[in-house]
Amino acid sequence: MLDMKFLRENPEIVKENIKKKFQDHKIELVDKVIAMDKENRSLKQRGDELRSKRNAMSKEIGGLMAKGLKDEANAIKAKVQAMADEMKETEVKETELAEKIKEMMMQIPNIIHPTVPVGKDDSENVELQKYGEPVIPDFEIPYHTDIMERFEGIDLDSARKVAGNGFYYLMGDIARLHSAVISYARDFMIDRGFTYVVPPFMIRSNVVTGVMSFAEMEGMMYKIEGEDLYLIGTSEHSMIGKFIDTILDEKKLPYTYTSYSPCFRKEKGAHGIEERGVYRIHQFEKQEMIVVCKPEESEDWFVKLYTNTVDLFRSLDIPVRTLECCSGDLADLKNKSVDVEAWSPRQKKYFEVGSCSNLTDAQARRLGIRVKGENGKYFAHTLNNTVVAPPRMLIAFLENNLNKDGSVNIPEKLQPYMGGTKILMPKN
């Protein structure tokens, strides 16, 4: 959410930013918000005037009563009561206007970083850098579930009967590999100075609307019927929510966390949930990075975060590249975002395995996350990034470590988490 003062003083900048995100239908919100804000400030001023007059006249009443001037005192009492009634009306209008202003402000996108390329959708994202040499083997790479089935490591049919499409059973070596990747990612981030956290897997509605836009909420979140609770789509949601309505000590910044959680997503609007694949699913697990920092430090942290993901994938011999997300591909709260994509030898192209975002103070304003420093209070900056998200990460791992005979190499870094196993042999 933008600063109201910034929007009031820079309406054309805000409108131009909306155009860059190809959301022209939201341009009218800027003028509406400014008009309503002006009305609300007038009501506030009128309320202050009435309050001041009422207090002064209330003091008069005591003096007149002491002098025995009862009629005069009653006349002033009537005026004071009329003022009190008007103040109540004013306060009700103020509250109603404030809610409407907040609702519209939460629809206006965050100001994007000047370096963000302008484009309509992810097809116009810009490659930044490649890491590692993509390899196309001299044998055919099977579809990822076919590889898993050779190890008796996945059961989609049973999962479909139990929960429907978008769910899966992982078993045996594949299930162990899944857990090994998560554990390795956890320790990798701990070694880089991040604090490990297991957060709540459900959050209240005021946290949901604080961490994401309305459009994202509708397309992602599962609500618990009869309760003010939602299943998280990523641990970022509850991790940033941890700081709701808090004033942080500037000296303790930055907060750097790496959190584990299962994630639940409707994937509403997605191009169908694959029956055979585990690329786009309703349930998965993820290791995340979260940073809460001073505004002047967030750009440096942004680069550090996605570099961590690149380094982790390269430590497992998986070639990756980074993509700068264009304006139209950015969610409303994001100032800047970089996707990390892993190489798929089967498809002979890269695919997304993680996303890093700087939200500047947009989430902090919604959630009331402020910092107390030497020069007063200000809103913190928040960032998040995927470390790894199996089973999607398993697709990249299996394809890049598959041998011609169907066996799968276990990189040295991952072997301790697999009980020292150096190679997985298929059962079928």
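These legends describe close-up views of a predicted model.

**View 1. Helix α7 crosses helix α13.** Helix α7 covers residues 172–191, and helix α13 covers residues 392–400. Their axes come within 11 Å and cross at roughly 110°. That makes α7 roughly perpendicular to α13. Helix α7 contributes Ile-174, Leu-177, His-178 and Val-181 to the contact. Helix α13 contributes Met-393, Leu-394, Phe-397 and Leu-398. Of the residues in this contact, seven are nonpolar, one is polar and none is charged.

**View 2. Tyr-184 and Tyr-417 form an edge-to-face pair.** The model has nine aromatic pairs. In this one, the rings lie 5.9 Å apart, centre to centre, with 65° between the planes. Tyr-184 lies in helix α7, while Tyr-417 lies in the loop between β17 (408–409) and β18 (423–424). The pair therefore ties together parts that are 233 residues apart in sequence. Tyr-184 counts as buried, at 7% relative accessibility. Tyr-417 is partly exposed, with a relative accessible area of 26%. Ring pairs also bring in Phe-188, linking Tyr-184, Phe-188 and Tyr-417 into a cluster.

**View 3. Tyr-255 and Tyr-257 are a stacked pair.** Their ring centres are 6.2 Å apart. The planes meet at 25°, under the 30 degrees that counts as stacked. Both tyrosines are buried.

**View 4. Charged ends sit over the rings of Tyr-230 and Tyr-279.** Over the ring of Tyr-230 sits the charged end of Lys-223, 5.5 Å from the ring centre. Over the ring of Tyr-279 sits the charged end of Arg-392, 3.7 Å from the ring centre. Arg-392 belongs to the stretch of helix α13 shown in View 1 (residues 392–400).

Technical notes: Residues are numbered from 1 along each chain as its sequence is written. This is a predicted model: local features need pLDDT of at least 70, side-chain atom pairs count only at pLDDT 80 or more; totals for chains, interfaces and linings use all residues. Side-chain values use heavy atoms; hydrogens and water are left out. Axes are lines fitted to C-alpha atoms, for helices over the stretch in contact, and angles run from 0 to 180 degrees between N-to-C directions. Helices (H or I, at least four residues) and strands (E, at least two) are DSSP runs, numbered from the N terminus. Angles under 35 degrees count as roughly parallel, over 145 as roughly antiparallel, 65 to 115 as roughly perpendicular and the rest as oblique. Contact means heavy atoms within 4.5 Å. Ala, Val, Leu, Ile, Met, Phe, Trp, Tyr, Cys and Pro count as nonpolar, Asp, Glu, Lys and Arg as charged, and the others, Gly among them, as polar. Rings of Phe, Tyr and Trp (its six-membered ring) pair if their centres lie within 6.5 Å; planes under 30 degrees apart count as stacked, over 60 as edge-to-face and the rest as tilted. Buried means under 20% relative accessible area, exposed over 50%, partly exposed in between (1.4 Å probe, protein chains only). A charge sits over a ring if NZ of Lys or CZ of Arg is within 6 Å of the ring centre and within 35 degrees of the ring normal.
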